[in-house]
Amino acid sequence: MSDTPHLMIVEARFYEDIADMMMESVLAEVEAAGATYERFQVPGTFELPGAIQMAIRSLDFYSGRKRFDGYIALGCVIRGETTHYDYVCQESARGLNDLILKYTIALGYGVLTTENRAQALARADRSKHD
């Protein structure tokens, strides 16, 4: 068994340019820490909890053990003209938190919730410097 942590990184690709910026920052940190990872993509932030839950419930085919030591969820939700924003923000955050509590997992929460695209771009760019 390796001491090197193996992570699942799940990225919501709805805002591709923002997702790319966030992923660049995350990969730099993960690689600097010496961890290994596998990347998965989902359409939007709402799908993050489901993807991670499927991975938690699955076992590695060869070893019969957990496949991942930790999880990172990345996404961005930008407020629009409807209440859709509120539901996606609340339910994706609730779903991810429920996974943490139910399965006692290490999960990095990297979901931006912003009022507009300019805020999202500024925050995604700032993550390179934080």
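**Helix packing, salt bridges and selected residues**

Colleague: To start with Arg94, what does Arg94 count as in terms of relative accessibility?

Modeller: Arg94 counts as partly exposed, because its relative accessibility is 44%. Please note that this is a predicted model.

Colleague: And where is the place of Arg94?

Modeller: Arg94 sits in helix 3. Its C-alpha atom is separated by 18 Å from that of Ile78, a residue 16 positions away along the chain.

Colleague: Which side chain meets Arg94 in a salt bridge?

Modeller: The partner is Glu91, and the N to O distance is 2.6 Å. Both residues belong to helix 3 and are three residues apart, so about one helical turn separates them. Glu91 is also partly exposed, at 30% relative accessibility.

Colleague: Why can such side chains pair at all?

Modeller: Side chains that carry opposite charge can pair when their charged atoms come close.

Colleague: How many salt bridges does the count come to?

Modeller: The count is nine salt bridges. One of them joins the side chains of Glu11 and Arg39, with 2.7 Å from N to O. This pair links distant parts of the chain, since Glu11 is in strand 1 (residues 6-12) and Arg39 in strand 2 (residues 36-42), 28 residues apart.

Colleague: Is Glu11 buried or exposed?

Modeller: Glu11 is buried, with a relative accessibility of 1%.

Colleague: Which residues do salt bridges that share partners join into one network?

Modeller: The network consists of Glu11, Arg13, Asp20 and Arg39.

Colleague: What about Asp17, which residue does its side chain meet in a salt bridge?

Modeller: The side chain of Asp17 meets that of Arg117, at 2.2 Å from N to O. Asp17 is partly exposed, at 32% relative accessibility, and Arg117 is partly exposed, at 37%.

Colleague: Changing topic to the helices, at what angle do helix 2 and helix 3 pack?

Modeller: Helix 2 (residues 48-57) and helix 3 (residues 84-103) pack at an angle of about 20°, and their axes are 8 Å apart. That angle makes helix 2 roughly parallel to helix 3. The crossing of the two helices is left-handed.

Colleague: Which residues make that contact?

Modeller: Helix 2 contributes Leu48, Pro49, Ile52, Gln53, Ile56 and Arg57, while helix 3 contributes Ser92, Gly95, Leu96, Leu99, Lys102 and Tyr103.

Colleague: How do the residues of the contact divide into nonpolar, polar and charged?

Modeller: Seven of the residues in the contact of helix 2 with helix 3 are nonpolar, three are polar and two are charged.

Colleague: Now Val42, where is Val42 found?

Modeller: Val42 belongs to strand 2 and is buried, with a relative accessibility of 11%.

Colleague: Which residues does Val42 touch, not counting residues up to four places away in sequence?

Modeller: With those neighbours in sequence set aside, Val42 touches Val10, Glu11, Ala12, Arg13, Glu47, Leu48 and Ala51. Among them is Leu48, which also takes part in the contact of helix 2 with helix 3. As for Arg57, its C-alpha atom is separated by 18 Å from that of Val42, and the two residues are 15 residues apart along the chain.

Colleague: On to the loops, where is the place of Arg79?

Modeller: Arg79 is in the loop between strand 3 (70-78) and helix 3. Its relative accessible area is 33%, which means that Arg79 is partly exposed.

Colleague: How many residues apart in sequence are Arg79 and Glu115?

Modeller: Arg79 and Glu115 are 36 residues apart in sequence, and their C-alpha atoms are 4.9 Å apart in space. Leaving out residues up to four places away in sequence, Arg79 touches Tyr85, Asp86, Thr114 and Glu115.

Definitions and conventions: Residues numbered from 1 in each chain as written. Predicted model: local features only at pLDDT ≥ 70, side-chain atom pairs only at ≥ 80, totals over all residues. Heavy atoms only, no water. Axes fitted to C-alpha atoms, helices over the stretch in contact; angles between N-to-C directions. Helix = DSSP H or I, 4+ residues; strand = E, 2+ residues; numbered from the N terminus. Parallel < 35°, antiparallel > 145°, perpendicular 65-115°, else oblique. Left-handed = near helix turned anticlockwise from the far one by under 90°. Contact = heavy atoms within 4.5 Å. Nonpolar A, V, L, I, M, F, W, Y, C, P; charged D, E, K, R; others polar. Salt bridge = Lys/Arg side-chain N within 4 Å of Asp/Glu carboxyl O. Buried < 20%, exposed > 50% of the residue type's maximum accessible area, 1.4 Å probe, protein only.
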